[in-house]
Amino acid sequence: MSVRVIDAGPLTTVQDLGRAGHLRVGIPPSGPVDKDAFVLANRLVGNPEGAAGLECTLTGPRLEFGDARWVAVTGAETPVTLDGAEMPRWASFPVRAGGVLKIGAARAGVRAYLAISGGLATPLVLGSRATYLRGALGGIAGRAIRRDDVLPLGAPTGHAVERRVRTERIPAYGGEPEVATILGPQADRFTPAGIAALFEGSYEMLPQSDRMGARFRGPRIEHTRGHDIISDGIPLGGIQVIGDGQPIVLLVDRQTAGGYTKIGTVCSYEVGRIGQVKPGQRLRFKHVDVAEAHAVLAARRAALSSAIA
Amino acid sequence: MSYPEPRLLPCGDLAVSVELADEIDREVNARVLALEYLIQQKGIAGITETLPTYRSLLVYYDPAVIGADELHATLRALVAEARPEVLPPARTVEVPCGYGGELGFELEAAAGKLGLAPEEMVRLHAGADYHVYFVGFTPGLPYMTGMPERLNIPRLENPRTKTPAGSVAIGGVQCCIYSVESPGGFWVLGRTPVRLYDPAAADPILLRAGDRVRFRPVARAEYDAIAAEVAAGQFRPRVTEAR
């Protein structure tokens with residue numbers, strides 16, 4: 001009932017759907033950056049959508065299975081092999097006891113997700129197994145997995161069979177994506193030229209980006225009167241612009257509050273897409289209003305529920 | 001001064017910020033906490049989480065359960081009822097603090113800058129009642145004011161890259177206690193052996209928005225004794241409740 005880590009990869013963490021309800025004491029939700037890819041991995045192996053799995057960053061782990069399980073790998077475009085044989089992504093397949101699964105280096109995208117039938121059974125901390133690295137909370141002792149860790153597995157509850165995500169629903173991670181963005185909470189602290197820069201420019205993902213925030217470089221976003229505000233809550237996807245006029249999109253491990261102006265907020269359903277933009281790749285912010293965003297969110301939720309053939 | 005009407009600021013498709021004023025003020029903050037309390041008490045369907053800060057409440061919601069118009073109307077109605085009196089009694093938490101020396105390595109420099117003797121600085125700092133406006137940035141870190149004006153001090157010109165967890169520090173009119181080792185721009189006057197954030201504990205967070213805090217100066221021997229009790233999971237800080 002466990003999996004042994006032969007190689008961990010540079011940053012592989014245990015995640016579930018996150019630790020809701022603790023923002024008010026300064027604890028961010030954590031959870032997968034690309035929630036849709038994570039949920040689909042779980043559904044493919046017959047798990048509840050919040051079962052704990054692994055988030056791999058750029059390169060995945062090599063794992064030895066202690067007993068027979070079904071697995072699925074979604075997210076970043078990585079080679080997946082089982083005992084050296086190439087396996088499909090966005091599809092479930094069985095692993096025998098003793099089988100060695102390897103998730104390789106991402107060709108496109110950044111974060112790959114591994115779901116295992118039964119889910120990872122690491123301890124619940126404040127109601128969640130998600131790893132919050134800066135707070136040393138959850139997962140395996142609050143840290144990324146390491147070589148020789150033994151990851152406990154739960155008893156499979158669902159019905160595991162071969163399932164696959166419909167081909168047309170598998171996202172492409174290349175190119176220059178557009179992410180829907182709502183103005184506010186502090187759009188009034190930016191000049192019209194600053195707002196135009198955000199929506200007309202293209203922004204390059206910087207390598208300093210992590211689960212806390214995605215940092216970008218592009219056309220300068222001009223403030224009206226300084227970048228300081230009285231500290232307030234930072235929403236998921238909040239676009240903080242500090243003195244250098246460059247945007248930082250705050251993600252799942254974000255600081256809960258901060259004193260910098262936020263020009264806008266990337267829509268929740270685009271956060272996962274940002275998490276798949278590689279350093280050096282560019283993206284654009286596309287202006288939408290709240291009503292448009294709610295319509296798209298409802299459509300995305302419906303699409304997710306019919307994504308598996 | 002509160003705004004005549006709250007500002008409802010969009011924060012993406014799942015959250016709205018209810019901003020009551022543009023200042024750091026105890027009364028404004030009490031209204032923010034009262035609004036949060038009313039939302040919890042009434043159990044508004046579709047509101048999934050709340051996050052209070054100095055003068056605003058970030059409200060997360062599920063638009064499949066409550067539409068934006070209905071949410072806004074509900075929040076505006078609740079703001080009208082959100083008076084400090086609706087809040088339950090505040091807790092006062094006593095925080096032991098070892099001042100000066102290696103624990104409070106900037107006490108002397110801060111006292112020198114303000115033209116005070118270090119002992120007087122400690123007397124003034126520990127004599128005040130602190131109010132926790134909110135908790136955040138890092139897990140369990142309280143944003144507090146309450147210091148006598150005499151202790152107002154500009155932030156450090158060159159922020160430290162590392163401040164030990166438990167450091168009690170001041171900057172401007174604010175006092176904070178670093179909950180995890182982190183960079184910092186406040187003057188470190190002392191350190192508490194109590195953990196404000198303990199990821200191994202069942203309840204990892206000591207302080208909550210709305211709490212009051214009193215610092216009790218402890219000598220090094222008592223600091224070490226409390227630190228040992230904390231490490232053994234046996235220390236319980238003194239907590240009282242009062243209006």
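User: How does the span of helix α5 of chain B compare with what its twelve residues should give?
Analyst: In this predicted model, the two agree. Helix α5(B) covers residues 220-231, and at 1.5 Å a residue its twelve residues should span 16 Å. The C-alpha atoms at its ends are 16 Å apart.

User: What follows α5(B)?
Analyst: Gly233(B) follows α5(B), and its phi is positive, near 75 degrees.

User: Other helices in chain B, then. At what angle do α1 and α2 pack?
Analyst: Helix α1(B), residues 26-42, packs against helix α2(B), residues 68-81, at about 120 degrees. Their axes are 9 Å apart.

User: Left-handed or right-handed crossing?
Analyst: Right-handed, as α1(B) passes α2(B).

User: Which residues meet there?
Analyst: From α1(B), the residues are Leu35(B), Leu38(B) and Ile39(B). From α2(B), they are Leu78(B), Val79(B) and Glu81(B). By class, that contact has five nonpolar residues, one charged and no polar ones.

User: How is chain B divided into domains?
Analyst: The assignment gives domain 1 as 2-86 and domain 2 as 90-242. The C-alpha centres of these two domains of chain B lie 29 Å apart.

User: And how many residues are in contact between them?
Analyst: Six residues of domain 1 of chain B are in contact with five residues of domain 2 of chain B. On the domain 1 side, α1(B) supplies the largest share, with three residues. That side divides into three nonpolar, two polar and one charged residues.

User: Switching to chain A. What are its domains?
Analyst: Domain 1 of chain A is 2-169 and domain 2 of chain A is 178-305. Taken over C-alpha atoms, their centres are separated by 27 Å.

User: How many residues does each one put into the contact?
Analyst: Domain 1 of chain A gives 21 residues and domain 2 of chain A gives 13.

User: Which elements give two or more residues on the domain 1 side?
Analyst: Those are α1 (35-44) and β10 (108-116) of chain A. The largest share of that side comes from α1(A), with four residues.

User: What's the make-up of that side by class?
Analyst: The side of domain 1 of chain A that touches domain 2 has ten nonpolar, five polar and six charged residues.

User: Now the two chains together. How many residues are in contact?
Analyst: The contact involves 35 residues of chain A and 34 residues of chain B.

User: Which elements of chain A give two or more residues to that?
Analyst: On the side of chain A that touches chain B, they are the strands β15 (228-233), β18 (257-260) and β19 (262-266), together with helix α4 (290-305). Helix α4(A) gives the most, with five residues.

User: And the classes on that side of chain A?
Analyst: The residues there divide into 18 nonpolar, 15 polar and two charged.

User: What about phi at Ser30(A)?
Analyst: Ser30(A) is not a glycine, yet its phi is positive, about 55 degrees. That residue is in the loop between β2 (12-15) and α1 of chain A.

User: Why list those two at all?
Analyst: Because most residues other than glycine have a negative phi, and most peptide bonds are trans.

Methods. Residues are numbered from 1 along each chain as its sequence is written. Chains are lettered from A and ligands numbered from 1 in the order in which they are written. This is a predicted model: local features need pLDDT of at least 70, side-chain atom pairs count only at pLDDT 80 or more; totals for chains, interfaces and linings use all residues. Domain bounds come from an automatic or database domain assignment. Two residues are in contact if their C-beta atoms, placed from the backbone, lie within 7 Å. Ala, Val, Leu, Ile, Met, Phe, Trp, Tyr, Cys and Pro count as nonpolar, Asp, Glu, Lys and Arg as charged, and the others, Gly among them, as polar. The expected span of a helix is 1.5 Å times one less than its number of residues. Axes are lines fitted to C-alpha atoms, for helices over the stretch in contact, and angles run from 0 to 180 degrees between N-to-C directions. A crossing is left-handed if the near helix is turned anticlockwise from the far one by less than a right angle, and right-handed if clockwise.
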